[in-house]
Amino acid sequence: QVQLVESGGGLVQPGGSLRLSCEATGFTLDYPAIGWFRQVPGKEREGISLISTSDGRTYYADSVKGRFTIFRDKAKNMVYLEMKDLKPEDTAVYHCVTGGWEFAWYDYWGQGTQVTVSP
């Protein structure tokens with residue numbers, strides 16, 4: 001069974017940086033992609049970044065392109081999201097997720113980690 005555990009969230013000022021981590025256990029290459037989505041209470045979840053489990057290609061939503069970077073450490077079963085130039089609108093709960101390419105579907109996701117961007 002796949003388990004995804006996120007960490008690294010917190011409070012940061014606008015323009016600041018954070019690195020989120022996701023530990024994936026029971027993970028197999030049966031899932032096309034692993035990455036992150038975020039959700040604000042009362043709003044739909046937003047898929048923001050993925051990395052392919054087969055060839056390492058990456059996907060970014062327009063809202064984070066150029067500011068966020070996703071990468072993996074296969075040996076440690078870890079996926080990271082490096083976030084720079086954070087904006088108040090980036091405030092959300094960030095979830096690690098496995099699923100289809102470009103968020104065609106969601107398979108498993110973790111409990112999430114809160115990111116708050118505020119002066």
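The model is predicted, so local features are given only where pLDDT is at least 70 and side-chain atom pairs only at pLDDT 80 or more, while totals for chains, interfaces and linings use all residues. Residues are numbered from 1 along each chain as its sequence is written, and side-chain values use heavy atoms, with hydrogens and water left out.

The structure holds 1 disulfide, a term that stands for a pair of cysteine sulfur atoms within 2.5 Å. This bond joins C22 to C96, with an S to S distance of 2.1 Å, and it links distant parts of the chain, since C22 lies in strand 3 (residues 18–25) and C96 in strand 9 (residues 92–99), 74 residues apart. Strands here are DSSP runs (E, at least two residues), numbered from the N terminus. Because the torsion about the S-S bond is about -80°, the disulfide is left-handed.

Burial is judged by relative accessible area, where buried means under 20%, exposed over 50% and partly exposed in between, using a 1.4 Å probe and protein chains only.

| Residue | Relative accessibility | Class |
|---|---|---|
| C22 | 0% | buried |
| C96 | 0% | buried |
| Q3 | 49% | partly exposed |

A nonpolar core is a set of buried Ala, Val, Leu, Ile, Met, Phe, Trp, Tyr and Cys residues joined through side-chain atoms within 4.5 Å. The largest one has 25 residues, of which W36, F68, L81, M83 and Y94 touch the most other members. Strand 3 gives the most to this core, with 4 residues, and a second, separate core of 6 residues includes A33, L50, V97 and Y106.

Strand 8 has 6 of its 6 residues buried, and it is therefore largely enclosed by the rest of the structure. From this strand M78, Y80 and E82 point one way, whereas V79, L81 and M83 point the other way. Strands count as paired if DSSP finds at least two bridges between them. Strand 8 pairs in the antiparallel sense with strand 3 over 6 bridges, R19 standing opposite E82, and it pairs in the antiparallel sense with strand 7, also over 6 bridges, D73 standing opposite M78. Strand 7 and strand 8 form a hairpin with 4 residues between them, and N77 in the turn has a positive phi of about 55°.

Q3 lies in strand 1 (residues 3–7). Leaving aside residues up to four places away in sequence, Q3 touches E23, A24 and T25, where contact means heavy atoms within 4.5 Å.
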